[in-house]
Amino acid sequence: IFSALRPQQPDALLALIAMHRADQRGEKIDVGVGVYRDRSGLTPVMRAVKMAETRLVAQQSSKSYLGSDGDIRFTQLLGELIFSAQSVDDDRRFGLQTPGGTGALRVGAALLTRAMPDARVWVSQPTWPNHAPIFAEAGMATLTHPYFDAKTGGIAFDLMLTALDEARAGDVVLLHGCCHNPTGTQFSVEQWQALAALCSLRGLIPFIDLAYHGLGDDLAPDGAGARMMMEAVPAALLAYSCDKNFALYRDRVGALFVQAPSAPLAEMARANTLALARSLWSMPPDHGAAVVRMILDDPALRKDWRSELERMRTRLNRMRTALAAAHPLLAPIARQRGLFSRLPIDPQTVEALRDHHGIYMPADGRINVAGLNDANIGRFIEGLLPHLEE
Ligand code: PMP
């Protein structure tokens, strides 16, 4: 047993965390790990979350099982936050709670392979490194399309569309809803429209990954592309993560929303998704979703959550503006959104920044903007500038 297994690539980010931890220099800077940090470098529990958790502990009278769809009120409130109350009532749509955005992608991928065994999924080059493994485990082959234009720091949209000419009807197109990981780029309204037209015309299935809702420009604009896409096409999936915008990371909070071409097909897809969820995790962990439900259901907690989310977003965008002002090659960072941007530097420079300045990032030059603050951004820029070519 186990002798046929092949060695696995160690997680590069975990190795980076270990290296950063072992670094004794007081002035080290971590822009590697992908979590939000406040201006003192901490990833705190949000105020509204703490408050809801206190209430939950006091009020919860049973931990008896829920069902495979988890906390139904949570999913309904989340659906209303992303779409609108009417569209959540659409009988061609359903949602279920999942263990994080990862769980939503995984069970969504399983549903798609069960429905269309020959379908393939198209992902951007680059994308979140876990996308291809998630789809592979569900039995779906991954193809990549060009996406990032390193010269402009924007999206190589024409090249993306040209590559998608090769997509077959029934293929899945994975789209980051906002705040693309790792490049910080986002589709414009016109680009979402063009993608919606392409999916409708060619019978492609959009699978939207919305993991940073509210961390770009605000909840409404960050969800606008996803909303528009779901309105425009007959069938689509959306994987949602509450782990960044509610800072609930380890509590694993997310949901999958599915839209089918008709109500009977939606019911069939729902029954199959629940059966798949049962075999994957039986039912999702309750705590974090119960907390999100309590926040969204209580006007005062909801207001407080939104204002803390706005502070997080404002801080990110302030760091973006400061970085962008430091050098013309960094200018695109001001237009990019979310936690991540990709610096125009090579792996040797990444290594040099680590060795000489204690600045930690993965080899592809992705930085987590939240790792920067007023106390360290000067040193970061000073270390970086000599490596940028005009
Ligand atoms: N999609 C993207 C693009 C992400 O960056 C992440 C988290 N790094 C996820 C999905 C998964 O989020 P979760 O932690 O909720 O599983």
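Start with the packing of helix H10. Its buried residues pack against strand S2 (93-99), helix H5 (100-115) and strand S10 (253-259).

Some ground rules. This is a predicted model: local features need pLDDT of at least 70, side-chain atom pairs count only at pLDDT 80 or more, and totals for chains, interfaces and linings use all residues. Residues are numbered from 1 along each chain as its sequence is written. Helices (H or I, at least four residues) and strands (E, at least two) are DSSP runs, numbered from the N terminus. Buried means 20 or more other C-beta atoms within 10 Å of the residue's own; exposed means 12 or fewer; partly exposed is in between; C-beta atoms are placed from the backbone.

Back to H10. Which of its residues are buried? Ala269, Thr273, Leu276 and Ala277. Seen down the axis, the buried residues of H10 fall within an arc of 100 degrees, so they line one face of the helix. That arc is taken from the directions from the helix axis to the C-beta atoms. On the other side of H10, we find Pro264, Ala271, Arg278 and Ser279 exposed. After H10 comes Ser282, with a positive phi near 60 degrees.

Next, helix H8, residues 189-202. H8 has 14 residues and reaches 20 Å from first C-alpha to last, close to the 20 Å expected at 1.5 Å a residue. The expected span is 1.5 Å times one less than the number of residues. Trp192, Leu195 and Cys199 are the buried residues of H8. They cover an arc of only 65 degrees around the axis, which puts them on the same side of H8. The face turned away carries exposed Val189, Glu190, Ala197 and Leu201. The buried residues of H8 pack against strand S7 (172-176), strand S8 (205-210) and helix H9 (219-232).

Now the ligand. Residues around the ligand include Gly100, Gly101, Thr102, Trp128, His176 and Asp209; the cut-off is a C-beta atom, placed from the backbone, within 6 Å. H5 gives the most to this shell, three residues.

Last, the domains. The automatic or database assignment gives domain 1 (12-45 + 306-387) and domain 2 (65-297). Their centres, over C-alpha atoms, are 27 Å apart. How many residues meet? 19 of domain 1 are in contact with 23 of domain 2, where contact means C-beta atoms, placed from the backbone, within 7 Å. On the domain 1 side, helix H12 (299-324) supplies the largest share, four residues.

Technical notes:
Two residues are in contact if their C-beta atoms, placed from the backbone, lie within 7 Å.
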